[in-house]
Each structure stands twice: as structure tokens, then as C-alpha cells.
Amino acid sequence: MKKKLLSMFLAAALGMTALMVPALGASAEESILTAPEHSALSSYQSTAKLQSEEASKVATIQIGVPDAYLNNKRTLIDPNNKKVTPIIMSSKTMVPLRFCATAMGGTCTYISDKDFITVKVGDKVAKFKIKSKELQILDKTGKLLNKITMDVAATKVSGRVLVPTRAISQGLGSQVFYKKIGSDEFVVVSDIRLTEDEYHFQMMQLRNLKKVSYTNKQKTCTITLPGSWEKHMEDGGIMIFESVFYKTVLLAQNLTPASEYQYNVKATKEEWEDVLGDSISNFSKTTINNKKAVFFTYDDSHWCYIVSSKAAICIYAPSASMKFSNFKTFCQGAKLLK
């Protein structure tokens, strides 16, 4: 069967990186498998580490969210009550006493009849009382090291002791980082100062709990992503990327007319390799949201085509910056609307 290459490129700029997106096509007279040419896609490599190897205690919280990211694991602010979240009081972040101590790798005690609190982290001890702004920092022998006037005092809310995160943490030697992204407010507490990329990675672990959907202009396809992914631009397609850690650029492009792409999901692995002139890996056929799809890895990129009778989209990513298993999971969020 005669086969030919028909390529369509969508050029987009993201910083200094140029993207070229090939597409597949077929004629009305015969089934013609067409395939991606050599892409000018520049693979985004991760320049950020998951977390500084020297940092042993890192806690990330988000105002109004019950989840926390503690030492590379998701947890709850209060494992016994999913309704407990960090709150803002007098412009200061307040968290439950026990979580504040745990975040720094310490312990706490609360003497209820005297409203007296101690938090011990390493060789330092913080002492303070409910409704008092005075914070005392002592060494392990009980010697007073510092006396701090907090902006807001510890308080009780619904029987729970809440303490000011920054004052207690910094008083005991921890680093505190605050950032607002859109309407989301984050606080990161760590035993050493992290890099900007490391702080952002920590925050994205919580932001990923949110889901965001993007729909193309033709309203033929939509894709649902974790909250850390963002839409960079739209020009007949949807460009989306995880801007902080993975730095992976993907594109969900509407391919029309859809009838020209039916053969793409019918072709065998051998037919693809015949057209490409090279071997491919990870070849598989499946369905995504009840639509036929094909996956494969070729020329340092993962590819996915999803086709219905009225619409088709192509999604791809640099294999150097995303595992194939993660790419397949990502593509499960794609849905053809027609």
C-alpha cells in the first residue's frame, strides 16, 4: 500500500524554546498512514531537585486546605478531622499546635489548666501561653536565649489550640517561606533554606490536588489536568505545561477533518515503522473515554492519537522529561466532545 508523509506544524514559543507539532493525515480515496517527521521539539529537562538532600524536615501547607505535604509525603493537618485547615488570623497563618511541632520534627505539650504550651525541637524549647504574645526560646538547660513578641497570640478555636506558624518556627530556627499563586496561599517550613525551584516543587504537590480542565476553541476536545499544569497559549490547539518541576511541554491539538485520521488508530506497529523508517517502542492500542487511541514512543517523544468520527487530537511529550507510564496517565484526562 502506497504511503506518504503529510505534515502540519504548529509553531509556538515558550521562552527561547520552539515547538513544532506534526500531524497525521489520510486521503478520501485510500487509507494512508502518515506520521510525525523529525520534531524540532526541545526536551525540557528538570533543573530542580525534588528537595535539597540536606533538608531533613520540610512541611508545606495551603491556607484553607486540610492536606499537607510533610517530608515528601501527603498527609492531613489533622488525621482525625479532615475539616481542620490552616487559617489566617490578623494576617498571620495559624495551624494546630501538634502539626506545628511535627512539621519541625519536634514534640509539644499543653497544660490545659494553665494554658501553658511548650514546643521542643532539637536543643531548643519554645514556651508561651494562650492569649499571650510573649514567646520565650530556651536552650536544653533552661537558659533564656531569646524573648520574642509575636504579632498574634496562640488561641483556641473549637477546643483546638492554634499557634502562629512563622513566629514559632523561626523562633526555633526553621526557615519559613510564603507565596501566593493566584488565589492559593502556601507556607513552606524547612530546617534549611531551599532553592526557589525546591520551594515551588513543594507547593505543587498540594496544588496538584486541584483539577483544571481546558477546552479548545472549536470545542471538540477537552483535557483535565492537575492544578499545577497551565495553559500557555492557544492557536488552534491547547498548549499545556507543568511550569515548575517537570518542565514538560505537551500539546493537545484539534485535528480536522477527523475522517483523515481514522487510519492512524487502525495501523499496526509494523505499518507505523514502515512509514517512519525507524523502530518504535511502547506501541499499544486502547480506548480513552470510549474513543479509540494509539500510543507509541518515537524520536525521543511519546505520542498519542485519539480519534472519533468527528474529532481527533494529538498529544505528545519529550520522553526525556516524562516516563511513558506517566504520559499514558496524563492522556487519560483527554476527552473528545464530539
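**Strand pairing and a buried glutamine**

Tutor: Glutamine 62 stands opposite phenylalanine 186 in E16. Bear in mind that this is a predicted model.

Student: Which strand holds glutamine 62, and how many bridges join E3 to E16?
Tutor: Glutamine 62 lies in strand E3, residues 58-62. E3 and E16 run antiparallel, and the number of bridges joining them is 5.

Student: Is glutamine 62 buried or exposed?
Tutor: The cut-off for buried is under 20% relative accessible area. Glutamine 62 has 4% relative accessibility, so the residue counts as buried.

Student: With which side chain does glutamine 62 make a polar contact of 3.3 Å?
Tutor: Residues touched by glutamine 62, not counting those up to four places away in sequence, include Pro86, Asp184 and Leu206. The polar contact of 3.3 Å runs between side chains, and the partner of glutamine 62 is aspartate 184.

Student: In the hairpin of E15 and E16, which residue takes a positive phi?
Tutor: Strand E15 (residues 175-181) pairs with E16 in the antiparallel sense over 7 bridges. The hairpin has 2 residues between the strands, and the one with a positive phi near 65 degrees is glycine 182.

Student: In the open sheet of 5 strands, which strands stand at the edges?
Tutor: The order is E8-E9-E10-E11-E12, with antiparallel pairing. Two of these strands have a single partner strand each, so one side of each is left without a neighbour in the sheet: E8 (107-111) and E12 (144-149).

Key:
Residues are numbered from 1 along each chain as its sequence is written. This is a predicted model: local features need pLDDT of at least 70, side-chain atom pairs count only at pLDDT 80 or more; totals for chains, interfaces and linings use all residues. Side-chain values use heavy atoms; hydrogens and water are left out. Two strands pair if DSSP finds at least two bridges between them. Helices (H or I, at least four residues) and strands (E, at least two) are DSSP runs, numbered from the N terminus. Buried means under 20% relative accessible area, exposed over 50%, partly exposed in between (1.4 Å probe, protein chains only). A polar contact is a pair of N or O atoms within 3.5 Å; within protein, one must be able to donate a hydrogen and the other to accept it, and residues adjacent in sequence count only if both atoms are side-chain atoms. Contact means heavy atoms within 4.5 Å.
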